[in-house]
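User: Hi! I'd like to learn how to read salt bridges in a protein model. Could you walk me through some?

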Amino acid sequence: MSSLVVHEREQDDGDIERYSKRSRIDEDENQAKDASTDPHILPPSHALLGIPLPVAQEGAAMNFMETDVGISEYIGKDVSKIEGIIKQRFTDFLVYEVDLDGNVIHIKSLGKPDSPKQQPPPEAPPAALTAPEAGDDAMEGVESTVTPEPMVEKRPRETEINEAKKTTDGQIEPKVPQEPWPEHFTTKLAEFLSADAIANVKQIYLEGPEPPRVSDSGWGARSSKSEGDGDAQTPLDEADHTEGDKISEEGRGKGRRGGRGGRRGRGGGRGGRQEVREDHRKVLSDPITSKSTRTALHQTIRELFGGKLDSETDSSAPVTDEGSRIVIKGRGGGGGSRSERGTYPPYIHFSMQKTNRDTQDALGHLARTLHVNVKDLSVAGTKDKRGVTVQRVSLKRNGKTVEDIWKLANGRKSAQDGVWQRGERGIRIADFNYRKASLELGMLKGNAFVITLRSVKVDSIETLDKALNTVKHKGFINYYGMQRFGTASVPTHSIGLALLKSEWQKAVSLLLQKRHGEHPDVEAARDAWLVDGDVDKALQMMPRRVIAERCLLESFKKQGGDTRNAMGALSTIPRNLRLMYIHAYQSYVWNAIVSERIRTYGADKPVAGDLVFENSTPEMVEPMEKDDKVETEDAEEGGSSRSRKRSRKPWVPPRIKTLTEEDLGKYSIFDVIMPLPGTDVAYPGGSLGDRYREFLRIDGLDPDNFVRKQKEYTLNGSYRAILHLPKELSWSILRYTDPDVALAQADEDKLLGFDPPVIVEDGKFMALQINITLGTASYATMALREITKTETSSHFQTSLTAAAEDQKFRGVELGAEKEED
């Protein structure tokens with residue numbers, strides 16, 4: 001998805017007037033009238049699709065089909081239809097994020113984590129404890145690896161015996177201390193560092209976490225009067241031995257809470273911080289060309305020194321052909337547990353598995369559970385709602401440790417209950433790591449899917465193989481799927497068009513109007529506002545997950561029920577949600593023009609007038625904000641945030657080439673791209689370019705001007721390949737009888753030891769299980785559409801499920817069914 005940044009809002013005189021509490025002009029009221037008299041909720045350009053407008057039946061929802069959002073063509077038109085039901089169960093649609101290094105993210109451990117400070121430096125660390133799997137190593141720069149506690153507690157006596165040796169008479173001797181610098185440290189480091197560098201690393205390690213003191217002729221222990229109230233500062237040597245959680249004699253004796261030396265003061269009082277001197281000790285390696293070698297060095301430092309030394313890529317010098325240097329440095333800081341909270345990197349990364357939850361909804365739930373601001377949570381990409389998805393999440397920890405986060409996430413559960421019960425409300429977080437930087441949207445390579453189609457009916461297995469091989473070798477049309485446009489009777493692209501046209505009242509009306517089949521609580525809340533005009537009652541009844549509507553109602557409440565400041569109310573909706581609406585409109589136009597391109601010229605080869613990237617093919621498939629930053633270097637394991645920040649530069653439009661007849665032999669159909677309408681994009685040549693402009697003009701937009709006075713509604717364009725070729729695709733045929741029996745298993749259930757999927761060899765019904773890996777922003781449902789030639793809208797799939805023959809066998813064992821026969 002697109003990378004999002006927060007912009008300062010610019011206001012002109014008109015904006016200020018709209019935001020004031022004085023009476024507004026009649027423009028907003030006119031918009032409100034227009035909103036109620038519009039002939040149809042869909043954009044006027046729908047007429048260019050060549051299909052009738054959908055009509056709502058009395059007492060039923062207005063159901064939208066794929067063709068209503070421009071999805072109409074197939075690549076394998078010669079392949080017969082394959083009947084099958086998508087997402088009948090949540091576990092029929094498993095999604096695993098693929099990180100920037102191509103590693104598939106899975107939940108690996110549910111145990112309670114320990115921060116590195118609680119792990120003694122191992123002599124020869126077990127691989128299971130110190131070397132995370134490749135997926136963790138390559139994903140982000142590792143600063144501190146967190147080891148989960150084992151699910152089964154060790155008995156203290158066994159542990160004691162393991163850490164000691166027995167004498168000849170059976171008595172237990174204390175464990176003999178190991179030498180401070182074992183010989184294998186030198187041997188291991190010699191693979192990466194020179195002898196001088198190893199000697200310097202040894203010196204830093206033996207000096208310990210505190211850098212050696214330099215004499216200051218006694219000035220460090222003298223009192224200072226420069227801080228204001230005349231309290232004497234704790235002498236430096238004394239401060240080093242004062243625990244941060246002790247109460248100083250001065251603070252205790254005088255009962256003072258506010259000043260230095262008392263509670264929350266700067267001295268040794270409760271909550272006071274002990275003085276921590278910055279550690280400047282470091283060793284620089286020779287330039288290392290191979291990224292895998294640099295990664296191995298980072299891992300070696302972590303394994304040998306158990307977090308007492310740190311490593312990162314040197315950011316003080318530009319990257320050259322000779323490679324990058326690695327900085328090995330001490331982790332200064334000192335003792336007390338309270339001060340150690342601040343010595344870890346500022347972010348915690350963890351894996352999140354969610355079931356039947358929107359990504360933003362899941363993050364909102366986590367924010368409330370972890371007692372953090374939702375803005376401190378970020379992800380690399382949004383995931384499907386209906387299904388079970390796994391992805392990485394970053395949290396700006398603000399002093400919290402991984403232990404704190406685990407405890408908050410598991411509520412009042414004990415450590416044992418936390419690893420034997422499912423996560424609350426379909427959300428589980430695990431596999432914690434400290435990191436120096438947060439995740440940003442777009443920091444992924446794609447997603448791996450395990451998709452199970454049920455009630456599959458096909459004329460032959462050959463037809464099934466032909467359909468799947470068509471997608472495997474020819475790809476599928478890279479449409480934006482139905483999820484992009486919402487599942488309610490008010491499509492998101494209609495709201496987006498209203499925002500682009502500055503029709504604020506219409507946008508508000510579309511967001512707040514009633515939708516058939518909603519949850520009773522939401523329906524009652526809408527009635528409280530639309531019928532009764534009671535904003536307090538509406539807010540009380542509206543669930544917190546209904547974000548946009550709650551924002552509007554809260555804004556109206558602050559204005560005393562005045563609804564004329566529609567633009568101001570809309571501005572309270574989170575920016576990424578508002579962008580989702582306008583990006584949905586872009587997606588609708590893109591789908592429609594690509595369908596026309598495939599319908600007119602086929603999907604086999606480029607034609608004159610097609611667009612391609614002139615030099616390379618950046619993975620830039622989503623609209624980009626002009627001020628957004630783009631990663632230009634791979635984030636390597638152990639790399640610092642500073643090096644990544646220095647490698648970023650402002651986004652600039654790519655160079656685009658319009659193909660001529662002479663160019664056609666140089667490019668394939670997979671090189672052809674289509675613009676998402678907006679600023680800084682070129683339109684295709686010939687009739688397709690004219691069609692683009694016709695779509696936009698009939699919707700009331702200027703194809704050559706998407707700049708708006710309100711910066712967040714300026715529509716920035718980008719490009720997207722018209723076809724997508726899966727990176728991996730395999731499949732298998734399964735048999736089952738009971739539709740309630742899972743045919744695939746989520747990570748959490750595997751780790752909890754739940755029964756594995758039941759495959760019945762002589763089952764009554766056929767299922768098709770597909771393993772497919774796609775790039776960023778490509779929709780698995782569109783790949784399934786190409787395979788099955790079946791409508792993917794949610795209401796259509798729901799009707800297929802209800803009518804499926806396997807529903808008659810819910811809860812019926814195959815053996816019991818045979819006996820009844």
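Analyst: Happy to! First, a word on helices: here a helix is a DSSP run of at least four residues, and helices are numbered from the N terminus. Keep in mind that this model is predicted.

User: What is the general idea behind a salt bridge?

Analyst: Side chains of opposite charge can pair when their charged atoms come close. The cut-off used is 4 Å between a side-chain nitrogen of Lys or Arg and a carboxyl oxygen of Asp or Glu. By this rule, the model has 32 salt bridges.

User: Where do arginine 691 and glutamate 694 lie?

Analyst: Both are in helix H24 (residues 686-698), three residues apart, or about one turn of the helix. Arginine 691 counts as buried, at 17% relative accessibility, while glutamate 694 is partly exposed at 36%. Salt bridges with shared partners also join Glu73, Lys77, Glu596, Arg599, Arg691 and Glu694 into one network.

User: How far apart are the closest N and O atoms of glutamate 596 and arginine 599?

Analyst: They are 3.7 Å apart, in another salt bridge. These residues are separated by about one helical turn because they sit three residues apart in helix H22 (residues 575-601).

User: Which parts of the chain does the pair of lysine 436 and aspartate 310 link?

Analyst: This salt bridge has its closest N and O atoms 3.9 Å apart. It links distant parts of the chain, 126 residues apart: lysine 436 is in the loop between strands E14 (427-435) and E15 (446-457), and aspartate 310 is in strand E9 (residues 309-313).

User: Are lysine 436 and aspartate 310 buried or exposed?

Analyst: Both lysine 436 and aspartate 310 are buried.

Notes: Residues are numbered from 1 along each chain as its sequence is written. This is a predicted model: local features need pLDDT of at least 70, side-chain atom pairs count only at pLDDT 80 or more; totals for chains, interfaces and linings use all residues. Side-chain values use heavy atoms; hydrogens and water are left out. Helices (H or I, at least four residues) and strands (E, at least two) are DSSP runs, numbered from the N terminus. Buried means under 20% relative accessible area, exposed over 50%, partly exposed in between (1.4 Å probe, protein chains only).
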